[in-house]
Amino acid sequence: MSDHCYELVADCRLRAATDLFAHTWDPVVLATLSLGPRRRRELRAAIGGISDKVLTEALHRLLANGLINRHAHAEAPPRVEYALTSLGQSLVDGPMRALAVWTTEHGDELLDAQESAARTRSTHG
C-alpha cells in the first residue's frame with residue numbers, strides 16, 4: 001500500500017477511493033445510473049427517499065469525481081440527462097459489484113453481529 005501513497009497516509013489513493021463510499025447516496029445514484037442515462041426526476045423516482053437537495057449534492061460530487069456526466073439536450077423545454085462515464089462504469093462493475101457479492105454472501109452475518117452488539121450495549125450500558 002505504501003507504494004501507492006504519498007508522504008502522509010491521509011493522502012493515500014486508497015483513502016480517495018474509499019471516500020467515494022462515504023456519502024450514503026452516491027453509490028445508490030451510481031447503481032441507478034448503471035441501468036442507463038436518467039433525467040433528474042427519473043433518478044429521484046427510481047431511488048425513492050432522497051431529497052432534491054441531497055440528490056443535487058450527490059450529482060455535484062459524482063460530476064466532480066468524473067464518475068458521471070451531464071448532457072444538456074438542445075431542445076425546448078431543456079432536457080438534462082445524467083449518465084455514467086467509463087470511470088463510473090468501472091467503479092460499478094468492479095468494487096461495487098464485488099461489495100454486492102460480499103453483502104449477499106455475508107449480509108446475514110453482518111446483521112447478526114450488529115444486532116448482537118446492540119443487545120450487548122443495551123444490557124451493559
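The model is predicted: local features need pLDDT of at least 70, side-chain atom pairs count only at pLDDT 80 or more, and totals for chains, interfaces and linings use all residues. Residues are numbered from 1 along each chain as its sequence is written, and side-chain values use heavy atoms, with hydrogens and water left out. Helices (H or I, at least four residues) and strands (E, at least two) are DSSP runs numbered from the N terminus.

- Thr 32 counts as buried because its relative accessibility is 10%; the cut-off for buried is under 20% relative accessible area (1.4 Å probe, protein chains only).
- Beyond its neighbours within four places in sequence, Thr 32 is in contact with Arg 38, Leu 43, Ala 46 and Ile 47, where contact means heavy atoms within 4.5 Å.
- Asp 26 is also found in helix 2, and its relative accessibility of 3% means that Asp 26 counts as buried.
- With neighbours within four places in sequence left aside, the contacts of Asp 26 are Leu 20, Ala 58, Arg 61 and Leu 62.

**Helix 2 against helix 3**

- The two helices pack at an angle of about 110°, with their axes 10 Å apart; axes are lines fitted to C-alpha atoms, for helices over the stretch in contact, and angles run from 0 to 180 degrees between N-to-C directions.
- Helix 2 is therefore roughly perpendicular to helix 3, a label for angles of 65 to 115 degrees.
- From helix 2, Trp 25, Val 28, Val 29, Thr 32 and Leu 33 meet Leu 43, Ala 46 and Ile 47 of helix 3.
- By type, the residues of this contact are seven nonpolar, one polar and no charged; Ala, Val, Leu, Ile, Met, Phe, Trp, Tyr, Cys and Pro count as nonpolar, Asp, Glu, Lys and Arg as charged, and the others, Gly among them, as polar.

**Helix 2 against helix 5**

- Helix 2 (residues 25-33) packs against helix 5 (residues 86-124) at an angle of about 120°, and their axes are 10 Å apart.
- Pro 27, Leu 30 and Ala 31 of helix 2 make this contact with Leu 91, Val 92 and Met 96 of helix 5.
- Its residues divide into six nonpolar, no polar and no charged.

**Helix 3 against helix 4**

- Here the angle is about 115° and the axes are 11 Å apart, so helix 3 is roughly perpendicular to helix 4.
- Arg 40, Leu 43 and Arg 44 of helix 3 meet Asp 52, Leu 55, Thr 56 and Leu 59 of helix 4.
- This contact has three nonpolar, one polar and three charged residues.

**The largest nonpolar core**

- Among the 19 residues of this core, those touching the most other members are Val 29, Leu 30, Leu 33, Leu 59, Ile 68 and Tyr 82; a nonpolar core is a set of buried Ala, Val, Leu, Ile, Met, Phe, Trp, Tyr and Cys residues joined through side-chain atoms within 4.5 Å.
- Two or more residues each come from helix 2, helix 3 (40-47), helix 4 (52-64), strand 3 (79-84) and helix 5.
- Helix 4 gives the largest share of the core, four residues.
- Apart from neighbours within four places in sequence, Ile 68 is in contact with Leu 30, Leu 33, Leu 59, Leu 62, Leu 63, Tyr 82, Ala 83, Leu 84 and Thr 85.

Note on methods:
Buried < 20%, exposed > 50% of the residue type's maximum accessible area, 1.4 Å probe, protein only. Parallel < 35°, antiparallel > 145°, perpendicular 65-115°, else oblique.
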